[in-house]
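Please view the sequence and the structure together while reading the points below.

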Amino acid sequence: MKEKFEIIPFVSVNNMKFGMTLEDIEYLIGKPNDLINDEIMGEVRAYYSNFVLIFIRKKLIEFSFNESIGMNELEIIVNGVEIVNNVKIIDVLSELPKSKPSEIKRGSINFYGLGINLGGFKKSKYFPKKEIRVFSKGRIKYYELYLNA
């Protein structure tokens, strides 16, 4: 049975809510396998078996799932729709209310209304593997810049 992650845009993934501290997360799901303090990016990345959590100023701002850490073995749901193994993931997310997709650049697309960034779902040299990033409202500007860099 696949581990299930339900996304509530700009609120949470499962019971992990944006704005929580690492200590809050550790209380809910345990300590990460690895913890990286990236002083250049100003963020802390907590590596769990199937996902990565990103914290800025000690607050959770992003979830990251990708193929290299078992994303295909997960069930990731947005508005009742399973998205990981859906070959029409971009079309499905585009049809959801408030999805507001941006243009695709270098194999990446932002769904600003859902707080989701997809990489590698279109053929691209920039994304050899597929990834799904779920971000907080405070991270929208970052992803606007990320797509246009």
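A nonpolar patch is made of residues with over 30% relative accessible area and no salt bridge, in which nonpolar side chains are joined within 5 Å. The model discussed here is predicted. The points below begin with one such patch, then turn to salt bridges and to the surroundings of one serine.

**Surface patch**

- Tyr27, Leu28 and Ile29 make up a nonpolar patch on the surface, and together they have about 340 Å² of accessible area.
- Tyr27 belongs to helix α1, which spans residues 22–29.
- With a relative accessible area of 76%, Tyr27 lies above the 50% cut-off and is therefore classed as exposed.

**Salt bridges around Glu62**

- The model contains 8 salt bridges.
- One of them joins Glu62 to Arg133, with the closest N and O atoms 3.7 Å apart. This pair links distant parts of the chain, since Glu62 is in strand β7 (residues 59–66) and Arg133 is in strand β12 (residues 131–135), 71 residues apart.
- Glu62 also forms a salt bridge with Arg139, where the closest N and O atoms are 2.9 Å apart. Arg139 lies in the loop between β12 and α3 (140–148) while Glu62 is in strand β7, so this pair ties together parts that are 77 residues apart in sequence.
- Glu62 has 0% relative accessibility and counts as buried.
- Arg139 counts as buried at 7% relative accessibility.

- Arg133 is buried, with a relative accessible area of 17%, and Glu131 is buried with a relative accessible area of 11%. Both values fall under 20%, and the two residues are therefore classed as buried.
- A network of salt bridges links Asp38, Glu43, Arg45, Glu62, Glu131, Arg133 and Arg139.

- Ser108 is part of strand β10, which covers residues 108–111.
- Its relative accessible area is 3%, under the 20% cut-off, so Ser108 is buried.
- The side chain of Ser108 makes a polar contact with the side chain of Asn117 at 3.0 Å.
- The Ser108 side chain also reaches the backbone oxygen of Leu118, at 3.5 Å.

How values were computed
Residues numbered from 1 in each chain as written. Predicted model: local features only at pLDDT ≥ 70, side-chain atom pairs only at ≥ 80, totals over all residues. Heavy atoms only, no water. Helix = DSSP H or I, 4+ residues; strand = E, 2+ residues; numbered from the N terminus. Buried < 20%, exposed > 50% of the residue type's maximum accessible area, 1.4 Å probe, protein only. Polar contact = N/O pair within 3.5 Å; in protein donor to acceptor, adjacent residues only side chain to side chain. Patch = residues over 30% accessible without salt bridge, like charges linked within 9 Å, V, L, I, M, F, W, Y side chains within 5 Å. Areas by Shrake-Rupley, 256 points an atom, 1.4 Å probe, with all protein chains shown as cover. Salt bridge = Lys/Arg side-chain N within 4 Å of Asp/Glu carboxyl O.
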